[in-house]
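Hello,

Please take a look at the structure below. My notes on it follow.

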Amino acid sequence: MDIQINAFPCQSAKIRLELTQLNIIQDLACQLIYLGSKMRLLFRTEYSLCVNKMQRSCKAGTGIYDGTVLLTRLEALINWFRKYSIWPLPAGTSCCAIELMASGGARFDLARFGSEIMRFSPRQADVMIVAGTVTYKMAPIIKTLYEQMTEPKWVIAMGACACTGGMFRSYSVLQGVDRIIPVDLYIAGCPPRPEAILQALIQLQQKIQTQPLFRRQIES
Amino acid sequence: MSTLAEKVNLLKSAFPKLIVEHTEFRGQTTLVINSGSDLLKICHFLKHQLGFEMLLDLTAVDNLETSPRWMLVYHLWNIKENCMLRLRISTNEDPPTFPTVSHIWPASNWLEREVYDMFGIRFQGHPDLRRILMWDEYPWHPMRKDFPLAGRSWQGSNGLFTEPAPLEGGPFHILPGHHPSEPRAHPQQ
């Protein structure tokens, strides 16, 4: 795998390859995608190819051609779709859930960020907001919910309890939901203000925008 | 209509040997019942003759290293005449066992389940004596005084597990283990 990728470094691809050869590159890219390896490099290669072609055409170097076409990476485009349609799964386990409901209401309005559609089925949700104390009794259920979510999926640990167990340092409370599932963002507070939830969503959008595609599959 | 004092006198005359102690504190009356006595008869009398129709609360106390170790506390309320009575009964059995009062006060069903869950006190004749807060597999009774505050490490089926969480070393910088009044907060040796 590594040898094949090294055969197409960005610099030389920019100079050498013509548009007619793109099909070959795409086929190879698809094969590599199928094998689950080094997505980022391949998309970059494709990107630089397109830009190079357009630069020769319009000599602007902005990526905008003819005023009608916007060139971008597939990765950036898909992430752009994703980040404005994050449907949350409100895994509200205690009082933080009340504040989560408040942020869904008209005053704070999660809809401004495309996240107003709370999905109570994990199969339809993109981000799981663990809002509240997670007891050991609840922990397997939270984990099951996470496993039932489809990729791509993210997790926000909302409030002190979900982050660290909070003040419940006892026999019955899981000391942070990151002990059972991977957490992308932690919100401090007891409970956090709705503004903090909004900020977390914005930060999650930033994270999604810069996230390489298929990263999670590669990691796992 | 009769006052609480009259009701207590009625109870004492009906069960002269069973009430071993009678204390008043800040207007609240506590009766200590002789351990091993017929609790059910007293409870039946209290509900149907003296009008204590409501069981406010039922809980237990673990007096570790004293005898008797286990004490059960009933809080009874007379709705019509607005008076409260507290009953206490102790035992030193192992495992601690009391008769259920769930057929007298149905409210005691879940309360007894909670006492069983937290203290391991059995209630004879209870219709459904299962754990109510912890899950069925959980092996300990966490409100017992010999159970560490931090909990214990345990691995069960279906992804259930527990880990000890000692107060020292937690996210908050407190040193509770240095106070002698709560020895269970000390880190486990």
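**What turned up**

Lys153(A) sits over the face of Tyr146(A), 4.2 Å from the ring centre. Keep in mind that this is a predicted model.

**Aromatic pairs**

The count of aromatic pairs over all chains is ten. Take Tyr136(A) and Phe161(B): their ring centres are 5.4 Å apart and their planes stand at 70°, so the pair is edge-to-face. Tyr136(A) is in the loop between E4 and helix H7 (139-148) of chain A, while Phe161(B) is in strand E9 (residues 161-162) of chain B, so this pair joins two chains. Tyr136(A) is buried, at 1% relative accessibility. Phe161(B) is buried too, at 12%.

Tyr171(A) and Phe147(B) also make an edge-to-face pair, with 5.8 Å from centre to centre and 85° between the planes. This pair crosses between chains as well. Tyr171(A) belongs to the loop between helix H8 (159-164) and E6 of chain A. Phe147(B) belongs to the loop between strand E7 (122-124) and strand E8 (154-155) of chain B. Tyr171(A) has a relative accessible area of 15% and is buried. Phe147(B) is buried at 3%. Both residues are members of one aromatic cluster, along with Trp135(B), Tyr138(B), Trp140(B) and Trp154(B).

**Helix H9 of chain A**

Helix H9 (residues 194-209) of chain A has 16 residues. At 1.5 Å a residue it should span 22 Å, and its end C-alpha atoms are 23 Å apart, which agrees. Which residues of H9(A) are buried? They are Pro194(A), Ile197(A), Leu198(A), Ala200(A), Leu201(A), Leu204(A), Gln205(A) and Ile208(A). Viewed down the axis of H9(A), these buried residues fall within an arc of 160°, so they line one face of the helix. The general rule behind such a face: an α-helix has 3.6 residues a turn, so residues three or four places apart point the same way. The buried residues of H9(A) pack against helix H5 (74-83), helix H6 (96-104), strand E4 (127-131), strand E5 (154-158) and strand E6 (185-187) of chain A.

**Salt bridges**

There are ten salt bridges over all chains. In one of them, the side chains of Glu81(B) and Lys7(B) meet at 3.0 Å, N to O. Glu81(B) lies in the loop between strand E4 (70-78) and strand E5 (83-91) of chain B, and Lys7(B) in helix H1 (residues 4-14) of chain B, so the bridge ties together parts 74 residues apart in sequence. Glu81(B) is partly exposed at 21%, whereas Lys7(B) is buried at 4%.

Glu53(B) bridges to Lys80(B), with the closest N and O atoms 3.8 Å apart. Here the partners are 27 residues apart. Glu53(B) is in the loop between helix H2 (39-48) and strand E3 (54-62) of chain B, and Lys80(B) in the loop between E4 and E5 of chain B. Glu53(B) is partly exposed at 38%. Lys80(B) is exposed at 64%.

Asp128(B) pairs with Arg130(B) in a salt bridge at 3.0 Å. Asp128(B) is partly exposed, at 29%. Arg130(B) is partly exposed, at 40%. Asp62(B), Arg69(B) and Asp146(B) are joined in a network of salt bridges.

**Ser90 of chain B**

Ser90(B) is in strand E5 of chain B. With a relative accessible area of 17%, Ser90(B) is buried. Neighbours within four places in sequence aside, Ser90(B) contacts Ser35(B), Pro68(B), Trp70(B), Met71(B) and Phe98(B).

Best wishes

Technical notes:
Residues are numbered from 1 along each chain as its sequence is written. Chains are lettered from A and ligands numbered from 1 in the order in which they are written. This is a predicted model: local features need pLDDT of at least 70, side-chain atom pairs count only at pLDDT 80 or more; totals for chains, interfaces and linings use all residues. Side-chain values use heavy atoms; hydrogens and water are left out. A salt bridge is a side-chain nitrogen of Lys or Arg within 4 Å of a carboxyl oxygen of Asp or Glu. Helices (H or I, at least four residues) and strands (E, at least two) are DSSP runs, numbered from the N terminus. Buried means under 20% relative accessible area, exposed over 50%, partly exposed in between (1.4 Å probe, protein chains only). The expected span of a helix is 1.5 Å times one less than its number of residues. The arc is that of the directions from the helix axis to the C-beta atoms. Contact means heavy atoms within 4.5 Å. Rings of Phe, Tyr and Trp (its six-membered ring) pair if their centres lie within 6.5 Å; planes under 30 degrees apart count as stacked, over 60 as edge-to-face and the rest as tilted. A charge sits over a ring if NZ of Lys or CZ of Arg is within 6 Å of the ring centre and within 35 degrees of the ring normal.
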